[in-house]
Amino acid sequence: MNTKSPSTWNRLLPWLVPMPGGMFGKPQNGKQMLVYFFSRVLAFYILAMILLMLVQRWLIYQPTRVDTLSIDLANTPYGVVHEISTKTEDGLELKGWHFIAGQIACPDHESCNVELAKGRPVVILLHGNGGNRLHRIETCRLLASLNMHVFAFDYRGYAENPGSPSQTGLLKDARAFWKYAVRNRKINPDRIILMGESLGGGVATLLASELCQQNTPPAGLVLRSTFSSMVDAASHHYPIVPVSWLLWDQYRSQSVISNIVCPLLLIHGTEDRVVPYALGKKLFEAAPATSASGVPKEMVTIERGTHNGLIYEARGPLTIAYDQFAKQVIAQSIAQPAVN
C-alpha cells in the first residue's frame, strides 16, 4: 500500500483547476466559488492599483492653468507687486511675483533693487499642490506687511508656466528660484527664508537639505501644514494601497531633515484633514533640536486649525510666529551688504 503523503502541489492543484465552462462559467462547488470570488477581487484590485499608479500625478498636482496672470489681479496698490521670472536648468521659463517689503511702491526694477539692498528678509514661497500664486495673495500680503520681501513663483505646469509637475521637476524649479534670488538679485543666503506650504514643504525641505550640505544654508526654514513624507500622507488617505511601491514622487522629508542646520519653524493645525497633525509632529521630531547657530527648533500648534484655512483662522498667531522667527534669524544680517 502506498502511504506516501501527497505533495504540496497535489494538495493545491484542486484549488487551481480551471472553472468548468471557462473563466465566466458558473462555479460548481464551494472550492470553485471561493476561487471564483477571490480571483475576481484580486483582478479588480490589481487593475485599480494600475489605474491609480497611472493617474497619481493627476491626483497629486492640481494646478490652476491660465494664459497670463497679471499683477492687476493681486489687487494691491500700484508698484507694490512686480513681475519676475527665472529659467530652470532644463530650460523652462517660470514666472512669479515680487511683493515689496513694507508694501512700499516701487515704480521700476531699479527701485526694487534699492529696496532689496536695504537688507530686509526675503522669503521664497513654495506653495502647495493646488491653484497658483494668485491663491497665496493673503500670505504674501501678510509677509510683506511684516517688512519681508516675497518671491512667489509658480512651479512648472502651474499658472502660465510650461512643463508638467513632478518631484524632480519641482526641485529643479526650487533651485532656480534660489539661484534667481542669490545670483540675479544679489541677495545673501543668510537673508533668505525658505517657506513651504503643504506639498511645498516637501520641496522646501529637499532644497534646504541640499543647500545645507553645500554649506550655503538659508537663513531659516518655515514649514506650514506639511508632511513627514508623501508616502505617509498618501497612506493615510489610501490605507489599502501599497503606496511605497506605487508612488513615484515620495517627498521623503523625514529622511533628509536631519541635514538641515538652519533654524526651523513648523506650523500645523490640529484639525488638518489633508495632512494630519501627527505627520507634521513626526517631521518636527525628526529634525535636529537646534540649528548650527544654536537656535532651537519651534513648532506652533494651531488648535482647531485646518489645512487650507489657517491664514484666515489664525492670522494673529501666524503673524506673531512669522515676525518673531524672521527677527530671530535675520537680525544679525540686517545691516550686511548684498553679496557680489
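Predicted model: local features only at pLDDT ≥ 70, side-chain atom pairs only at ≥ 80, totals over all residues.
Let us start with what comes directly after helix H5: the residue there is Lys186, and its phi is positive, near 60°. Residues are numbered from 1 along each chain as its sequence is written, and side-chain values use heavy atoms, with hydrogens and water left out.

I turn to H5 itself. How far apart are its end C-alpha atoms? They are 25 Å apart, which agrees with the 26 Å that the 18 residues of H5, 167–184, should span at 1.5 Å a residue. That expected span is 1.5 Å times one less than the number of residues.

Several residues of H5 are buried, among them Leu170, Leu171, Phe177, Trp178 and Val182. Buried means under 20% relative accessible area, exposed means over 50%, and partly exposed lies in between, with a 1.4 Å probe and protein chains only. As a general point, an α-helix has 3.6 residues a turn, so residues three or four places apart point the same way. What covers the buried residues of H5? The cover includes strands S2 (81–87), S3 (93–99), S4 (122–126), S6 (149–153) and S7 (192–197), together with helix H6 (199–213).

Let us now consider the whole chain. The protein chain has 12 helices and 10 strands, and buried residues make up 49% of its 340 residues. Among contacts (heavy atoms within 4.5 Å) between residues at least 6 apart in sequence, 73% join residues at least 24 apart.

The next topic is empty space. Rolling a probe the size of a water molecule over the atoms shows where empty space is left. On a 1 Å grid over the protein atoms alone, a cavity is a set of points where a 1.4 Å probe fits but cannot get out; a pocket is an open set with protein on both sides within 12 Å along at least five of seven lines; lining residues have an atom within 4 Å of a point. Grid points are joined across faces, edges and corners, and a volume is the space filled by probe spheres set on the points.

The largest pocket holds about 910 Å³ of space. Of its 39 lining residues, Ile60, Asn129, Ser198, Val274 and His307 lie nearest the centre. Which helix gives the largest share of this lining? Helix H2 does, with 5 residues.

How many cavities of 30 Å³ or more does a search of the whole structure find? There are 2. The largest cavity has a volume of about 60 Å³, and its lining includes Ile257, Cys262, Pro288 and Lys297. The second largest cavity contains about 30 Å³. Residues that line this second cavity include Val123, Met148, Ile193 and Tyr322, and H12 gives the most, with 3 residues.

Finally, consider Trp245, which has its place in helix H8. Is Trp245 buried or exposed? Trp245 is exposed, because its relative accessible area is 74%. From Trp245 to Val231 there are 14 residues in sequence and 9.5 Å in space, C-alpha to C-alpha.

How values were computed:
Helix = DSSP H or I, 4+ residues; strand = E, 2+ residues; numbered from the N terminus.
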